Amino acid sequence: MELKRLTEHIWYMPYETERDRPNLGYIRGERWSLAVDAGHSEAHTKEFYELLEKENLPLPSITVLTHWHWDHTFGMHAVNGLCIANELTDKHLMQWKEKIENNGTDEFFSLSESIRCEYKENDKVIVKTADMTFSGEMTLNLGDVTVKLIQAESPHTDDSTLVYVCEDKTLFLGDSTCQEFSTGIKNKTLCKKLYDTIKDINPEICLEGHWTSTDTEDSLSDLMQ
């Protein structure tokens, strides 16, 4: 696995299908660096950091979560610096934190073979809530790079956050364009709302959680199919 460079300020660790690991984004600013999503587990997060260190890139000062799903968040206890999530994402994480601490991991492991594969070394499942939360929008100045966090309605979850890197005209979509996990349904009304949000942002590049980078029209086309 190698770290891929996407633009002047952006790198990412590519997704992996077997363990359902998403792309982990990295944005380098003059003063701060930022990661997009925290990883599926501590092992995932550590592998990401090893790739950053290999490229002589500083570890992220901030990690932003695109939504609450475990493959994007359950490595959060191992991240460097602070974690930011929207309020709904943090609420979902708190629910799973309490569920696992009170009832164990059986329900979590029953959700998917990819989860059992990620944790096959009997690694402990640790769920952490965010250090900071926001609602609506939040803007971060990393120095020479401006990053906007945009809470958006989407067909995948009720807590999607889009991450837009202004100078690079690149939008991290997380899994927002996908169908709802438990039902497999892709609500057309929510698809249209997300479509309009992406059109308003008007990025040149979109990076989804479990796919390669595309131009905006490809992402919009997939969303409305």
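This is a predicted model: local features need pLDDT of at least 70, side-chain atom pairs count only at pLDDT 80 or more; totals for chains, interfaces and linings use all residues.

Me: Which helix gives the largest share of the lining of the second largest cavity?
Reply: The residues lining this cavity include Thr-45, Phe-48 and Tyr-49, along with Leu-24 and Val-79. By class, the lining has seven nonpolar, three polar and one charged residues. The largest share, three residues, comes from helix α1 (residues 42–54).

Me: And how much space lies in the largest cavity?
Reply: The count comes to two cavities of 30 Å³ or more. In the largest cavity, the space is about 60 Å³.

Me: Which element gives the most to the lining of the largest cavity?
Reply: Among the residues lining the largest cavity are Phe-172, Leu-173, Gly-174, Leu-207 and Glu-208. Two elements give two or more residues to it, β12 (205–208) and β11 (170–174). The one that gives the most, with three residues, is β11.

Me: How do the residues lining the largest cavity divide by class?
Reply: Asp-37 and Glu-208 are among the lining residues, and both count as charged.

Me: What about the largest pocket: what volume does it have, and how many of its lining residues are charged?
Reply: Its volume is about 160 Å³. The lining includes His-69, His-156 and His-210, as well as Asp-20, Asp-71, Asp-175 and Glu-180. Three of the lining residues are nonpolar and four are polar, and the charged ones number four.

Notes
Residues are numbered from 1 along each chain as its sequence is written. Side-chain values use heavy atoms; hydrogens and water are left out. On a 1 Å grid over the protein atoms alone, a cavity is a set of points where a 1.4 Å probe fits but cannot get out, and a pocket is an open set with protein on both sides within 12 Å along at least five of seven lines; lining residues have an atom within 4 Å of a point. Grid points are joined across faces, edges and corners, and a volume is the space filled by probe spheres set on the points. Helices (H or I, at least four residues) and strands (E, at least two) are DSSP runs, numbered from the N terminus.
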